[in-house]
Amino acid sequence: GLKVIAPSTPADAYGMLKTAIRDDNPVIFTENPGLYGIKGEVPEDEDFTVEFGKCAVRREGTDITLIGYSRMAHVCEDAAKDLEEDGISAEVIDVRSLVPLDTDTIFESVHKTHRAVVIYEDWKNGGYGAEIVARIQESCFDYLDAPVGRVGGLNVPMPYARNLELLCIPNKNDLLGKVREILG
């Protein structure tokens, strides 16, 4: 069936593109223009691939799980560094593969931290992050100490003016605000 991927690092983009080419099924390979300037190591191994349906735990933590994909995975990592300075240990999950979705890794993290925030650039209403939130609520309800937080884009048409565009896209401060709200 159909697969949808959203890599956040150069290595993941390289490995997932190779996996997509070799896959007999249709693959939607999304790329965020906000990641074009990201630098990182790319394996020289010609057989390097990244399996679909596997999240990457970018940072271990114990107090809250931050979940993002594509550019928002980097926002989660930046926020986790700021939270660490405040004595809050945040685990960062980079989803990478939207379909199939690796719920095992996400649920395992939520079982450990008992709190989660999902951030995504889509419109808050109807964005894919809402699906991740719904799955966590359905499957991890008994483990949650607070409602799952959701940070998404504003529910407006994307403006052309750069200053207005930046107001519509969630950022680190939006994520930090939601984390602090959930942690009380």
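**Asking how we know: sheets, helices and a salt bridge**

Q: Where is the place of K178?
A: K178 has its place in helix 6, which covers residues 172-183. Helices (H or I, at least four residues) and strands (E, at least two) are DSSP runs, numbered from the N terminus.

Q: How do you know where these values come from?
A: This is a predicted model, in which local features need pLDDT of at least 70, side-chain atom pairs count only at pLDDT 80 or more, and totals for chains, interfaces and linings use all residues. Residues are numbered from 1 along each chain as its sequence is written, and side-chain values use heavy atoms, with hydrogens and water left out.

Q: Which residues is K178 in contact with, leaving aside its neighbours within four places in sequence?
A: They are V117, G149, R150 and V151. Contact means heavy atoms within 4.5 Å. As for L101, 77 residues from K178 along the chain, the two C-alpha atoms are separated by 24 Å.

Q: What makes strand 4 and strand 5 a pair?
A: Two strands pair if DSSP finds at least two bridges between them. Strand 4 (residues 64-68) and strand 5 (residues 90-94) have five bridges, so they pass, and they run in the parallel sense. Within this pair, I64 stands opposite A90.

Q: Which strands are the edge strands of the open sheet of five strands?
A: This sheet has the order 3-5-4-7-8, with mixed pairing. Its edge strands are strand 3 (56-59) and strand 8 (149-153), because each pairs on one side only. On average, neighbouring strands here are turned by 25 degrees against each other, direction ignored. Axes are lines fitted to C-alpha atoms, for helices over the stretch in contact, and angles run from 0 to 180 degrees between N-to-C directions.

Q: What does helix 2 touch as it packs on the sheet?
A: Helix 2 (residues 71-85) touches strand 3, strand 4, strand 5 and strand 7 (116-123). The direction of helix 2 makes about 155 degrees with that of strand 4.

Q: Why are helix 2 and helix 6 called oblique to each other?
A: Angles under 35 degrees count as roughly parallel, over 145 as roughly antiparallel, 65 to 115 as roughly perpendicular and the rest as oblique. The axes of helix 2 and helix 6 come within 9 Å and cross at roughly 55 degrees. That angle belongs with the rest, and the two helices are therefore oblique.

Q: Which residues make the contact of helix 2 with helix 6, and how many are nonpolar?
A: V75, C76, D78, A79, D82 and L83 of helix 2 meet K172, L175, L176, V179 and R180 of helix 6. By class there are seven nonpolar, no polar and four charged residues. Here Ala, Val, Leu, Ile, Met, Phe, Trp, Tyr, Cys and Pro count as nonpolar, Asp, Glu, Lys and Arg as charged, and the others, Gly among them, as polar.

Q: Why are helix 3 and helix 4 oblique to each other?
A: Helix 3 (residues 103-113) and helix 4 (residues 128-140) pack at an angle of about 60 degrees, with their axes 11 Å apart. This angle too belongs with the rest, so the helices are oblique. The contact joins T103, I106, F107, V110 and H111 in helix 3 to I132, R135, I136, S139 and C140 in helix 4. These divide into six nonpolar, three polar and one charged.

Q: What makes D12 and R96 a salt bridge?
A: A salt bridge is a side-chain nitrogen of Lys or Arg within 4 Å of a carboxyl oxygen of Asp or Glu. For D12 and R96 the closest N and O atoms are 3.0 Å apart, so the pair meets the cut-off. The pair links distant parts of the chain, 84 residues apart: D12 is in helix 1 (residues 10-22) and R96 is in the loop between strand 5 and strand 6 (97-99). A search of the whole structure finds 13 salt bridges.

Q: What is the phi of R96?
A: R96 has a positive phi of about 65 degrees, although it is not a glycine.

Q: What makes the peptide bond from V99 to P100 stand out as cis or trans?
A: With omega near 0 degrees, this peptide bond is cis. P100 lies in the loop between strand 6 and helix 3.
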